[in-house]
Amino acid sequence: MKKIVFVLLIPIVMSASCGTQEKADLVIINGKVLTIDQDNPSAEAIAMKGEYIIAVGSTKKISAMIEDGATEVIDAAGRLVIPGFNDAHVHFGPLDPDFIELRYTTDPAVITEKVKAQIAKSKPGELIRGGHWVHELFNDKKWPTKELIDKVSPDNPVILNRADGHSTLVNSYVLKQSGITKDTPDPFGGEIQKDPVTGEPTGILKDAAMDLIKTGETKTELSAEEEKEKEWQGYLLALKEAREYGVTSVQNAGWGDFNAYERLQREGELTLRIDLGAPLTADETKLGNYIKLQKKYPDEGNWIRFGYLKAFSDGSIGSSTALMFEPYSDNPSTSGLAMWQYDELEEMVVKADKMGFQIGVHAIGDKANNWVLNAFEKAIEVNGTRESRHRIEHSQTLQLSDIPRFAQLGVIPSMQPTHCISDKLFYEKRVGYERCLGTYAWRSLINAGSTLAFGTDYQVEPLNPMEGLYAAVSRKDRLGEEGEGWFPEQKLSMEEAIKYYTLGSAYAQFMDDRKGMIKPGYLADIVIVDKDLMTIPEAEIMKTKVDYTIVGGKVVYTSGN
Ligand SMILES: [Zn+2]
């Protein structure tokens with residue numbers, strides 16, 4: 001029999017009588033509030049009601065909005081309070097507890113050990129996955145080869161991605177399953193790295209060559225229920241990580257599972273706001289489906305929204321696949337790889353722009369960036385000017401003459417400061433000094449009138465925003481080298497770095513009217529950190545921890561401090 005539940009709604013009447021201050025649900029007092037609101041840059045205290053900020057000011061003023069027993073009070077005790085971090089470029093999704101984490105590996109022997117350990121926990125034929133290695137960080141700085149893992153993985157497929165996701169190391173088991181031999185030609189847009197002496201594949205596959213991978217894996221039978229539960233736990237893990245880092249909004253670069261986020265929201269587990277996009281296409285049926293998705297998850301929403309349409313125009317500098325005008329300095333036989341012919345790219349951009357979509361194209365090389373700017377310019381020519389806020393994801397290597405075109409065309413450079421300090425290890429070797437002058441050119445882009453949007457490219461880089469802030473103000477490696485940093489004229493101030501990580505990112509998703517500042521009427525997404533980022537030495541920035549994460553006026557994380 002169906003159980004009927006009667007819900008009695010009791011209207012809560014606020015005491016709004018004459019002369020009485022509006023009461024807050026949550027307040028922060030005694031803080032050093034960096035609002036990012038240029039009309040009111042600093043404050044001590046914030047009052048929140050429901051999902052929104054209702055007042056910003058002195059502790060005295062805000063204290064008058066505290067109602068005993070009803071208002072939750074956070075005493076910031078002088079700590080820095082800033083808007084929640086909004087990561088403008090992530091690949092967010094469920095984490096996999098079996099993934100072999102190889103970030104920051106310096107000794108390639110560690111890869112062998114970790115693969116061996118994971119295989120000990122697996123059955124023959126099961127796929128072993130891992131990654132985030134960067135060979136420039138290895139002691140010998142050499143590309144890893146299949147020999148590193150073959151001896152410990154005779155019976156399992158192993159796939160270990162480079163941190164940039166544009167190359168991968170596979171073992172002989174995978175090469176065999178994929179039918180890749182010394183005679184297999186490079187596919188369009190990809191490379192099967194081969195030993196210069198023997199001609200044998202080394203196990204490194206770049207870009208489109210990764211599409212050739214067949215694992216022949218035997219899957220451990222998980223019931224649909226177990227599968228679903230594993231994925232659910234993976235989402236919870238990812239959200240926990242975001243809360244702990246003070247990340248209150250993320251913008252997925254490309255597709256994401258709308259249903260999963262809806263379920264998280266329904267069950268009260270969604271603790272960040274997320275935009276999910278879709279692949280850019282010229283296919284009108286697909287574009288039509290996107291319109292439906294956009295209606296279902298509209299711009300006006302604050303939690304799960306349909307984001308921008310994403311395409312790749314090239315690869316990466318690390319893998320020498322970013323599309324350059326001139327050959328690579330350390331490998332004159334290549335100028336990188338285009339993912340699309342220019343005309344195809346332009347057609348997609350013009351069509352999607354005409355239908356009113358926001359577009360974000362991955363471009364790393366100077367030629368790729370030039371092409372994407374040309375395509376956006378063409379869209380304006382054909383469809384007219386509108387507030388499109390198209391974006392170039394990464395905007396890494398720019399011809400100096402292309403820098404002002406971003407602001408002129410209203411194109412947002414969506415950039416990831418940590419890529420700069422990861423890539424600086426090899427950038428100059430790959431492209432030479434001259435081309436580095438337009439690389440991660442934050443200051444030049446700002447001077448030319450651009451609003452940057454900052455993010456991480458998680459999981460290419462860690463989600464921790466402190467690494468991005470450190471990178472933006474130092475342009476030094478994570479160990480904190482001597483000197484002024486890499487092309488120091490492009491460094492930013494801490495306040496600028498925070499601004500582009502909050503308001504700049506909100507602008508890139510058309511939400512700067514309600515997110516990215518600590519301002520009355522804005523969404524109450526706020527972070528309290530344990531160190532004063534504005535005054536501490538560079539070396540302390542990455543050690544800074546989040547003490548409180550507030551999303552939509554609710555405390556979703558506290559460190560206990
Ligand atoms: Zn990405």
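A cavity, in the sense used here, is a set of points on a 1 Å grid over the protein atoms alone where a 1.4 Å probe fits but cannot get out, and its lining residues have an atom within 4 Å of a point. Grid points are joined across faces, edges and corners, and a volume is the space filled by probe spheres set on the points. The structure is a predicted model, in which local features need pLDDT of at least 70 and side-chain atom pairs count only at pLDDT 80 or more, while totals for chains, interfaces and linings use all residues. Residues are numbered from 1 along each chain as its sequence is written, and side-chain values use heavy atoms, with hydrogens and water left out.

A search of the whole structure gives two cavities of 30 Å³ or more. The largest has a volume of about 50 Å³, and its lining is made of G84, N86, T248, S249, T502, A506, K515, G516 and D525. By class, one lining residue is nonpolar, six are polar and two are charged, where Ala, Val, Leu, Ile, Met, Phe, Trp, Tyr, Cys and Pro count as nonpolar, Asp, Glu, Lys and Arg as charged, and the others, Gly among them, as polar.

The second largest cavity has a volume of about 30 Å³. Around this cavity lie Q251, N252, D275, G307, Y308, Q358, R391 and Q509, with β15 and β17 (304–312) as the elements that give two or more residues. Its lining divides into one nonpolar, five polar and two charged residues.

Attention now turns to the metal site. The zinc ion has H89 (NE2), H91 (NE2) and D457 (OD) as protein donors, lying 2.1 Å from it; donors are N, O and S atoms within 2.8 Å of the metal (3.2 Å for Na, K and Ca), and water is not among the atoms, so sites may look incomplete. Along the chain, these donors follow the spacing H-x1-H-x365-D. Distant parts of the chain are linked here: H91 sits in the loop between β8 (85–90) and β9 (100–101), and D457 in the loop between β21 (453–454) and α14 (465–474), 366 residues apart. H91 is partly exposed, with a relative accessible area of 31%, whereas D457 is buried at 6% (buried means under 20% relative accessible area, exposed over 50%, partly exposed in between, with a 1.4 Å probe and protein chains only).

Methods: On a 1 Å grid over the protein atoms alone, a cavity is a set of points where a 1.4 Å probe fits but cannot get out, and a pocket is an open set with protein on both sides within 12 Å along at least five of seven lines; lining residues have an atom within 4 Å of a point. Helices (H or I, at least four residues) and strands (E, at least two) are DSSP runs, numbered from the N terminus.
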